[in-house]
Amino acid sequence: MEITDNKGVFRYFHFYGVHGPFTMDENQDYTDGTTWQKQLKGDFNYIDEYIDNLKRLGVYDNTNIIITADHGNVSSSNGITDTPLNPVFFMKPTNSHGKFTTSTAPVWLMDLRKTILSDMNLDSSKEQGVDIKSLKPDEKRERFFYNAYIDGKETELNEYTINGDSNDINNWKKSKTWPILFSLYK
């Protein structure tokens, strides 16, 4: 990695994380028969190397880093989500220093675009969500989660409304259902 000019850069990396097939070990070697834990460790080793390069080049402090997932561990029966599906979300805002901290602020994936555009000083007024950095840990806001229920064939898409702590399944309410009229996996 090298710096070629002083313009801002947006980079997006996609890793398999804990999705199968599990083909990479913790040493970033591609192999058959590894585990999701080793593959995830390998992904984070790539991320560690990237962050080390940002620090070496002197641009780490001026970098906004977001690490997230598409969904949490999916568990459902009869079309109803049994456990909270909280994707991991890590964020190091631009010009932040010190140790990582945790927050219970009610974020959701729809906040990402507004947050990224705001951080790049670009117009985010037409985006849904809020800039994540503006949220307070005790803030009350409604979020949504969408999950396709599959029982050998796709049957429906469910919307869940989440009010309160998303780690508490009692705060999840199935609010809408739409039939799926085509196969997602042909």
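Which helix holds Arg113? Arg113 is found in helix H2, which covers residues 112-119. The model shown here is predicted. The protein has 186 residues, and 26% of them count as buried. This briefing starts with the whole chain and then turns to single elements and residues.

**Overall make-up**

- The protein contains 2 helices and 7 strands.
- Read from the N terminus, the order of these elements is α-β-β-β-β-α-β-β-β.
- Among contacts in the protein with a separation of 6 or more, 42% are between residues 24 or more positions apart.
- The accessible surface of the protein is about 13100 Å², and carbon and sulfur atoms supply 53% of that surface.

**Helix H1**

- Helix H1 spans residues 36-56 and has 21 residues.
- From the first C-alpha of H1 to the last, the helix reaches 30 Å, which is close to the 30 Å expected at 1.5 Å a residue.
- The buried residues in H1 are Gln39, Gly42, Asp43, Ile47, Ile51 and Leu54.
- An α-helix has 3.6 residues a turn, so residues three or four places apart point the same way.
- Strand E1, residues 65-68, is included in what covers the buried residues of H1.

**Trp36, in helix H1**

- Trp36 lies in H1, and Trp36 counts as partly exposed because its relative accessibility is 41%, between the cut-offs of 20% and 50%.
- Beyond its neighbours within four places in sequence, Trp36 is in contact with Val18 and Phe22.
- Phe22 is 14 residues from Trp36 along the chain, and the C-alpha atoms of the two are separated by 5.9 Å.
- The side chains of Trp36 and Gln37 are joined by a polar contact of 3.5 Å.

**Strand E1 and its partner**

- Ile65 and Ile67 make up the covered face of E1, while Ile66 and Thr68 make up the uncovered one.
- E1 pairs with strand E4, residues 89-92, in the antiparallel sense, over 4 bridges.

- Arg113 is exposed because its relative accessible area of 55% is over 50%.
- The side chain of Arg113 makes a polar contact of 2.8 Å with the side chain of Glu127.
- Arg113 and Val130 are 17 residues apart along the chain, and 8.8 Å separates their C-alpha atoms.

**Thr161, in strand E6**

- Thr161 has its place in strand E6, which covers residues 154-163.
- Is Thr161 buried or exposed? Thr161 counts as buried, because its relative accessibility of 11% is under 20%.
- Leaving out neighbours within four places in sequence, the residues in contact with Thr161 are Glu142, Arg143, Phe144, Asn171, Trp172, Lys173 and Ser175.
- With one of these, Ser175, Thr161 makes a polar contact between side chains, at 2.8 Å.

Notes: Residues numbered from 1 in each chain as written. Predicted model: local features only at pLDDT ≥ 70, side-chain atom pairs only at ≥ 80, totals over all residues. Heavy atoms only, no water. Buried < 20%, exposed > 50% of the residue type's maximum accessible area, 1.4 Å probe, protein only. Polar contact = N/O pair within 3.5 Å; in protein donor to acceptor, adjacent residues only side chain to side chain. Contact = heavy atoms within 4.5 Å. Areas by Shrake-Rupley, 256 points an atom, 1.4 Å probe, with all protein chains shown as cover. Expected span 1.5 Å × (residues − 1). Pairing = 2+ DSSP bridges.
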